[in-house]
Amino acid sequence: MKVSDLLSDAVRTLKASPAIDHWQADREEIESDDLLCFAMGVDELDPDAEVAAPVRRRFERMIARRATGEPVQLIKGFAVFRGIEVLSRPGVFVPRDSTEFLAEQAIRRLRGRRRPVAVDLATGGGTVALAIANEVRGVRVYGTDISREAIRVARRNAERLRLRASFAVGDLFGGLPGDLRGRVDVVTLHPPYVARGEVRELPEEIRRFEPPHTLTDRSVDGLGLVGRAAREAGGWLKRGGWLLVEVSPDRSRAAAATLRAGGFRDVRSTVDRGFKVTRVIVGRW
Ligand SMILES: C[S@@+](CC[C@H](N)C(=O)[O-])C[C@H]1O[C@@H](n2cnc3c(N)ncnc32)[C@H](O)[C@@H]1O
């Protein structure tokens with residue numbers, strides 16, 4: 001069977017799947033291309049190339065999994081985040097392209113600082129922390145997460161990528177060494193920000209494949225952890241250090257107000273011009 005025919009079948013299957021959130025016009029094409037490249041072990045597809053039977057079967061199994069809602073990153077076992085390959089495992093939040101903007105905002109603020117220190121709260125598989133370690137020279141990076149499984153994956157990611165970052169299980173700032181108090185330049189947080197009552201409205205592919213504690217902190221407005229971070233971050237940041245929080249657009253005003261109430265200055269909502277699905281709220285201590 002030819003690449004082009006195989007892709008047409010796959011796109012049709014994915015478009016018909018009720019488990020997939022069809023929010024982006026060409027999402028099914030992008031994902032089918034991505035999975036076929038992965039199955040064939042190539043970077044680019046030739047539409048006229050013949051696909052060997054074992055590769056075709058492998059690809060069709062992957063498309064069948066995707067049609068159940070399983071994210072592409074879990075099927076492949078990894079995600080590419082700002083150019084680094086991070087493992088993606090069941091039970092640990094799947095890294096999203098939209099979070100690259102949170103990392104970018106942190107990296108911009110860390111570069112040029114003397115002996116910079118960064119803390120990534122709710123780090124999951126360590127994606128933001130590792131992007132910072134990869135792109136900011138001489139930085140010391142710490143990541144914490146309430147989930148043991150997430151920290152296990154974060155540590156494995158650091159090892160595989162040969163990047164220096166320390167990861168610890170802990171409730172927000174709970175896992176950090178005490179001597180970091182007052183010495184942190186940038187704190188990043190991509191929290192579980194879905195309101196308790198809104199989890200059931202999420203697309204099936206998110207509800208079924210992301211553990212609940214990665215989606216919601218069970219607060220009524222979804223900003224329970226943001227509020228705690230805004231109150232506690234001042235004890236860890238240097239004067240002039242930054243707290244950066246990723247939220248959905250409908251939470252951005254409330255999150256900004258939360259940072260101001262926590263004593264932060266220069267609070268703004270920033271948005272990735274290309275990818276407008278999230279906001280990063282920034283505030284200076
Ligand atoms: C939306 S995910 C973000 C993961 C990662 N930062 C990323 O962007 O890929 C939220 C993370 O918050 C973690 N989490 C939930 N409650 C927490 C808490 N009280 N303290 C630390 N981490 C927490 C979850 O385990 C999950 O990994």
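Modeller: Begin with a term: two strands pair if DSSP finds at least two bridges between them. Keep in mind that this is a predicted model.

Biologist: Which residue in β9 is the bridge partner of Val-245?

Modeller: The partner of Val-245 is Ile-281 in β9. Strand β7, residues 237-247, pairs with strand β9, residues 279-284, in the antiparallel sense, and six bridges join them.

Biologist: How do strands of a sheet pair in general?

Modeller: Through backbone hydrogen bonds, and the pairing is either parallel or antiparallel. Here, seven strands make up an open sheet with mixed pairing. Their order is β5-β4-β3-β6-β7-β9-β8.

Biologist: Which strands stand at the edges?

Modeller: β5 (166-169) and β8 (265-270) do. Each has a single partner strand, so one side of each lacks a neighbour in the sheet. From one strand to the next, the twist averages 15°.

Biologist: Now the ligand. Which residues come nearest to it?

Modeller: There are 19 residues around the ligand, and Ala-122, Asp-145, Asp-171, Leu-172 and His-190 come nearest. By class, the shell holds eight nonpolar, nine polar and two charged residues.

Biologist: What lies 2.8 Å from a nitrogen atom of the ligand?

Modeller: A backbone N or O atom of Ala-122 lies at that distance from a ligand nitrogen. An N or O atom in the side chain of Asp-171 is also 2.8 Å from a nitrogen atom of the ligand. For Ile-146, a polar backbone atom is 3.2 Å from a ligand nitrogen. On its own the ligand has 600 Å² of accessible area, and the protein covers 95% of it.

Biologist: How is a pair of aromatic rings described?

Modeller: By the distance of the centres and the angle of the planes. A search of the whole structure gives three aromatic pairs.

Biologist: Where do Phe-38 and Phe-78 lie?

Modeller: Phe-38 is in helix α2 (residues 27-40) and Phe-78 is in strand β1 (residues 78-81), so the pair ties together parts 40 residues apart in sequence.

Note on methods:
Residues are numbered from 1 along each chain as its sequence is written. This is a predicted model: local features need pLDDT of at least 70, side-chain atom pairs count only at pLDDT 80 or more; totals for chains, interfaces and linings use all residues. Side-chain values use heavy atoms; hydrogens and water are left out. A residue is near a molecule or strand if one of its heavy atoms lies within 4 Å of it. A polar contact is a pair of N or O atoms within 3.5 Å; within protein, one must be able to donate a hydrogen and the other to accept it, and residues adjacent in sequence count only if both atoms are side-chain atoms. Accessible areas come from the Shrake-Rupley method with a 1.4 Å probe; for residues, only the protein chains shown count as cover. Ala, Val, Leu, Ile, Met, Phe, Trp, Tyr, Cys and Pro count as nonpolar, Asp, Glu, Lys and Arg as charged, and the others, Gly among them, as polar. Helices (H or I, at least four residues) and strands (E, at least two) are DSSP runs, numbered from the N terminus. Axes are lines fitted to C-alpha atoms, for helices over the stretch in contact, and angles run from 0 to 180 degrees between N-to-C directions. Rings of Phe, Tyr and Trp (its six-membered ring) pair if their centres lie within 6.5 Å; planes under 30 degrees apart count as stacked, over 60 as edge-to-face and the rest as tilted.
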